[in-house]
Amino acid sequence: MATDCEINGNWISAPTGSIHEARLKAKVKRRLRKNSSKDSGRGDSLSDNGDVVRSVVPPTSPKGKLLNRRSKMGKGRGLPKKGGAGGKGVWGSPGEVYGEDEVDVKDPNYDAEQENCVYETVVLPLDDETFEKTVTPIVQEYFEHGDANEVAELLAELNLGCMRGDVPMLAVSLALEAKASHRELTSRLLSELCGCVLTAGDVEASFHKLLKELPDLVLDTPGAPQMLGQFIARAVADNILPKSFIDGYKGRVDCEYARAALDRAAVLLRMSRWTGLRIDSLWGSGGGQRPVNQLIKEVNLLLKEFLLSGDTVEAERCLRELEVPHFHHEFVYEAVIMVLESKGDRTLQMILQLLKSLCASTVITVDQLRRGFERVYLDMADLSIDVPCAYSLLEQFVEQSFNAGVIDKKLRDLCPCRVIISACTRAAPNSRLEEA
């Protein structure tokens, strides 16, 4: 039996069984058209019996085309283009060596005069302001590490130009306001730089300028004339300054400060010739470079001078000049030992006043103070042999130090005390044995 039906807007005459199949096919087609925007690249199709068949056609989306690295000409074996050496940011395949580019004479930018040009890095010469800002940190760092070769390398990289002769002047000016060990390092630096970075004329010109600048240097450093005289004597001894330098100023000096500096240098050079004074050790050695025995002698001498003069400010200045902050525990140790050996109240009060002043000014740190007292505590067994009343004197000094705020309660409680065993205590066990 045939029946008329409408499929997709068309009236057809078909048997009843085929009408149901046609409806199923139309339903599947509508579903495919609905999802075409999502699966446009899959290439799905419909078979004769209404089943969806997925083809193996690659996706046709723009992203898929970008990721496809095969040739668009339909040729080749599907390998990457240019062997993988043609992508963005790639300089070529590994191991590829490029030759030199030949200059094109027909290039409109071609210049025949530039063919044999040699390009070099040009360092601009330093002016007055830039010179001081650049060289001052170099000299200050040298005071910390003491490596003259590093300073020479840094100065060689600079275009000093006409400012080359101001290097010794700047180094000496900074050393005048520094410690004695820094002045010794400055003298060594001038000796090392002369010949490789500086000339003898540069050094001589610097000392001429320093003598002219002495009235201004004295305002910041009152002892500048004497120290500059020592620098001149050391430079003459190191053969970086001619011996005729001082003689050239005879009768031609109007400034009293310059005259004092030249007189100081002349006296030191005379003493080196007549008495054998070693000018190379004129500034002394730094605190960390001195032998321990020498430091102990200087500490004892400092304490003895303080007990005679009672000048706390002078003692503090001398302790600073030793430049041994890591060795201040020895100063505390020797001071306490002097209190125990003196057996007098005057020495105790003076040493207590000195320690209190040094701790208040942070010249002696809390750690160094504690280490000095602890060393005394450990040596009390041996000290009591020479000083029988050492324990009682130590307890008295420690108690007064605690009351004065020099030490804390913890350090006071660590103070040892002598254990006295009386005759009655020793006889008590025997008496109990007799009673038994």
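**Ground rules**

I number residues from 1 along each chain as its sequence is written, and I use heavy atoms for side-chain values, leaving out hydrogens and water. Since the model is predicted, local features need pLDDT of at least 70, side-chain atom pairs count only at pLDDT 80 or more, and totals for chains, interfaces and linings use all residues.

**Overall look**

I began with the secondary structure and found 20 helices and 4 strands in the protein chain. Helices (H or I, at least four residues) and strands (E, at least two) are DSSP runs, numbered from the N terminus. The chain has 436 residues, and 33% of them are buried. Buried means under 20% relative accessible area, exposed means over 50%, and partly exposed lies in between (1.4 Å probe, protein chains only).

I then looked up the surface: the protein chain exposes about 28,700 Å², with carbon and sulfur atoms supplying 53% of it. Accessible areas come from the Shrake-Rupley method with a 1.4 Å probe, and for residues only the protein chains shown count as cover.

For contacts (heavy atoms within 4.5 Å), I took pairs at least 6 apart in sequence; 64% of these join residues at least 24 apart.

**Salt bridges**

My search of the whole structure gave 11 salt bridges. The rule is a side-chain nitrogen of Lys or Arg within 4 Å of a carboxyl oxygen of Asp or Glu.

I looked at E184 and R234, whose closest N and O atoms are 2.9 Å apart. This pair links distant parts of the chain, with E184 in helix α6 (residues 180–193) and R234 in helix α9 (residues 224–237), 50 residues apart. Both E184 and R234 are buried. I also noted that E184, R188, R234 and D238 are linked in a network of salt bridges.

Next came E330 and R375, which meet at 2.7 Å, N to O, in a salt bridge. Here too distant parts of the chain are linked: E330 belongs to helix α14 (residues 328–342) and R375 to helix α16 (residues 366–378), 45 residues apart. E330 counts as buried because its relative accessible area is 5%, while R375 is partly exposed at 27%.

R320 and E316 form a salt bridge at 3.2 Å, N to O. I found both in helix α13 (residues 312–322), 4 residues apart, about one turn of the helix. E316 has a relative accessible area of 17%, so I put it down as buried.

**Charged patches**

I checked the surface for patches, which are made of residues with over 30% relative accessible area and no salt bridge, like charges being joined within 9 Å. Lys and Arg count as positive and Asp and Glu as negative; His and the chain ends are not counted. I place each charge at NZ of Lys, CZ of Arg, CG of Asp or CD of Glu.

The positive patch gathers K25, K27, K29, R30, R31 and R33. R33 sits in helix α1 (residues 16–34) and is exposed, at 56% relative accessible area.

The negative patch is formed by E141, E144, D147, E150, E153 and E157. Helices α3 (128–145) and α4 (148–156) each give two or more residues to this patch. E157 is in the loop between α4 and α5 (166–176), and is exposed at 59% relative accessible area.

**One buried threonine**

Last, I looked up T347 in helix α15 (residues 345–360). T347 is buried, with 13% relative accessibility. Not counting residues up to four places away in sequence, T347 touches L307, M338, V339 and S342.

Technical notes. Patches are made of residues with over 30% relative accessible area and no salt bridge: like charges are joined within 9 Å, nonpolar side chains (Val, Leu, Ile, Met, Phe, Trp, Tyr) within 5 Å.
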